[in-house]
Number of protein chains: 4
Amino acid sequence: MGSLHWKTSITRVEPNKILVRGYPIEELMGDITFSEAVYLLLMGELPDKNKAKLIDAMLVSSIDHGATPPSVLAAITIASAGAPLNASVAGGMLAISRWHGGAIEECMKILLRIDGDAAQEGVSYDEVAERLVKNYRDKKMKISGYGHRFHTDDPRSRRLFDLAKQLGIAGKFVNIAEALKGAIAVVLGKELPINVDGAIATMLCELGFPPELANSFFMMARLPGIVAHVYEEQTRFEPMRKIHPTDHDYNGPDERHLKQ
Amino acid sequence: MGSLHWKTSITRVEPNKILVRGYPIEELMGDITFSEAVYLLLMGELPDKNKAKLIDAMLVSSIDHGATPPSVLAAITIASAGAPLNASVAGGMLAISRWHGGAIEECMKILLRIDGDAAQEGVSYDEVAERLVKNYRDKKMKISGYGHRFHTDDPRSRRLFDLAKQLGIAGKFVNIAEALKGAIAVVLGKELPINVDGAIATMLCELGFPPELANSFFMMARLPGIVAHVYEEQTRFEPMRKIHPTDHDYNGPDERHLKQ
Amino acid sequence: MGSLHWKTSITRVEPNKILVRGYPIEELMGDITFSEAVYLLLMGELPDKNKAKLIDAMLVSSIDHGATPPSVLAAITIASAGAPLNASVAGGMLAISRWHGGAIEECMKILLRIDGDAAQEGVSYDEVAERLVKNYRDKKMKISGYGHRFHTDDPRSRRLFDLAKQLGIAGKFVNIAEALKGAIAVVLGKELPINVDGAIATMLCELGFPPELANSFFMMARLPGIVAHVYEEQTRFEPMRKIHPTDHDYNGPDERHLKQ
Amino acid sequence: MGSLHWKTSITRVEPNKILVRGYPIEELMGDITFSEAVYLLLMGELPDKNKAKLIDAMLVSSIDHGATPPSVLAAITIASAGAPLNASVAGGMLAISRWHGGAIEECMKILLRIDGDAAQEGVSYDEVAERLVKNYRDKKMKISGYGHRFHTDDPRSRRLFDLAKQLGIAGKFVNIAEALKGAIAVVLGKELPINVDGAIATMLCELGFPPELANSFFMMARLPGIVAHVYEEQTRFEPMRKIHPTDHDYNGPDERHLKQ
């Protein structure tokens, strides 16, 4: 052991043996889903089946949102210049930043603060939420996780809240998110829906994730979407084309539904 | 529609409506796993339950391999300089390249070529495989997907082949991979095990993935591992520490097993 | 010295002493230009004053080309999502790839091959060049460094060739580049101008750079341009704007000229 | 002009015409150095010859610092996995972050604040600097730009200050930097030398650069160094080697000096 010796608590690797957070990897393979393995890796323990189902739903909710987000536009612009897939994807990751995906972390911090302040002061979530919204209004700051420039009633948010209730995971953070929605209506005089960032933030709080990992959740979810767009760019378009950020539409399969 | 108008076939986005490959996203949420959604996004159709199980096992197999791979070392070196999570992860992605993860694509191309040549010439996989191994030997080239500098009997490979058989997915590419293993033993006079890259390559061939997406499969699988190491770096270590690439060991949970 | 001990021949760092390729850095500072230091670092020796002047001209020639190249579009797309300057610039670097900047390396390889074949076979550059152009034509391949979709008479190419002649650096590679231009006219029946990539490739060959460093030359030259565009994005535009790849024009200073 | 029309003030590109901040690029080529072009691009005007000389000295001062900085370690780790040059360099850029290069921006902000406070309150730099150092001490914060874990008397800092005086550029920010050094000695009771980050910060303030561009200055300066290390990695070492962060030494040219 030299002077630079260090320790890691994630995975133990020995010849013919790989233990992820203590579990032999070949036992996990075939027995748990990738989403369960993600939770194990990031949180250190396996989730129960209901949590696993919610994590799957959250990851699925953000897997793609078409070609307009900056992560996709950056990735396909890089791909169009002839870069390999991994470099294109890395460029997409770099765009998952403050204004694109970053609202999840911001919203988590707001929800956690309302929880903390309410507990410390012994007052209701409504009271703390109203104070916070007034404070944001006075500083002309937006409350992350509420309102959407495109979807007025985001099907992903609704579905996540419904699932959380069905799965018995909806707890105090769902209440806090709703208190905050109410406070916005009272203080700002308008109904702002909880958007998908706000819904994921609420769920990550319920699951006990630290806000510092919020961005990684979005990165993991969106990576397959970025890959699909880069692969489409590489296989369908000429190199160096001029990529219009909005003047495109969809020509994939027609609307269809899961078989019951 | 302007002169730069273009079309994408992945996801249709309209106000309050998001269709991924035709499916309303809120129907997918709660009903399919993230792995099934990955397959849908990349391949255009939902996998059956057995394929979904194999994809989960493949993604789990590569979710982490400790702190020594260059993707992790690059990512934590960047994190240690104070970069945010997404930039650190992007740096890790850039290292998933020819010598790190790239063997999957190389191996897929070899397996597909053996399949194609055998079909075209009407000869056995063994014959084509022996010819190919001789050719590689003469050019002093390594056959990707066979042999491992660390694991002589990789538990992940064995498990993937077993699962493919149990799930009824093992088909001609499993035979080709075994023919190639045999040819290596005959021509090179040594037993080289199929490593995890080779096993994943075999499975991706069975599932019909194009080799150009092989690298993305590894990126999706390893992303949570890179995130976990970056988060550990950020929360456990001083900035700018000197990161030794091998002089580290594991101090996480002891070996443990899934409850039956 | 441990088993991982290794050696580097670039810069020697000791307390209060930094020797770049052997020279104390404080002696270089104030005495040589950055371009001379670039040459020293990459080639191991200081250039003479004429070479230094040509390198400056080459770096200046590629410092910016407006907002349309994919490196700039990728960088400002990432910046627009809220990423810091260095991540935006890194995204731009990722787009300096096969179809964007990559022509310099390709063209260098062609010029070096013509030189090598002519020497080995004892025939003229014209003869080898014509054979090569026919070969490319038959394979429907483009010859990198010739023709431009936008500039029919690129002022940068002309200036670089003029400077190389004035500075006494124009040598066999200028002749080869001209032989190749002639061969294209003869074989393809059209006049294709040497574009700026071809001109830089010719100069890098004259200066003895290996083609593997061609891309780095373009990266070093273009980095300030990418920085300027990212900074403009950050200071002039709203986050998350939709960035049109061509529908923009210039509103900076009017045309002006250096004082004589 | 569509609804996404936008304007850029950096470079005007028309067929056969490229105007950088108004100047025809072919006029700049051969007439100004790359460093002058960098200043023109970032600041909008050409520097006078003395400023140009100082910028060259600053860029040269940071062109390389051996193999230990995280930007180099990240870049060569990525290169070692088989990534192309530009991806390796992009990984290096990602490490030029808060703790590596970031001190320049921090130090500029401190110097600008001392200047602003002294002017507003009509008090001496010494007084404001002492108050600031006490404030940092009470908050247990380090003052960026002072002290170095390796160089106790950094030859680069000394040289930059000497040059600034010789070139007539040393002005109020040199005085502020010295006042701050004095205040550190008085308040903290120890002599901390101005390190190279602090020296560059002082010079960038004298030149009127905004602190938000400080990081770009370091990126431009260090890029050739990163390229040189990546190229050394690619040409001298086996892929996938384990890269020790400190157990390496120098085997390049012996110490030598510029000819007088």
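I take buried to mean under 20% relative accessible area, exposed over 50%, and partly exposed in between, with a 1.4 Å probe and protein chains only.

**Ground rules.** I am working on a predicted model, where local features need pLDDT of at least 70, side-chain atom pairs count only at pLDDT 80 or more, and totals for chains, interfaces and linings use all residues. Residues are numbered from 1 along each chain as its sequence is written, chains are lettered from A and ligands numbered from 1 in the order written, and side-chain values use heavy atoms, without hydrogens and water.

**Cysteines.** I looked up C:C107 and found it buried, at 1% relative accessibility. Its closest cysteine sulfur, in C:C205, is 7.3 Å from its own, too far for a bond. I then turned to B:C107, which is buried with a relative accessible area of 1%; the closest cysteine sulfur, in B:C205, lies 7.3 Å away, again too far for a bond.

**C:D115.** I placed this residue in helix α6 of chain C, residues 102-121 (helices are DSSP runs of H or I, at least four residues, numbered from the N terminus). C:D115 counts as buried because its relative accessibility is 14%. Beyond its neighbours within four places in sequence, I find C:D115 in contact with C:Y125, C:K172, C:F173 and C:I176 (heavy atoms within 4.5 Å).

How values were computed. Helix = DSSP H or I, 4+ residues; strand = E, 2+ residues; numbered from the N terminus. Disulfide = S-S within 2.5 Å.
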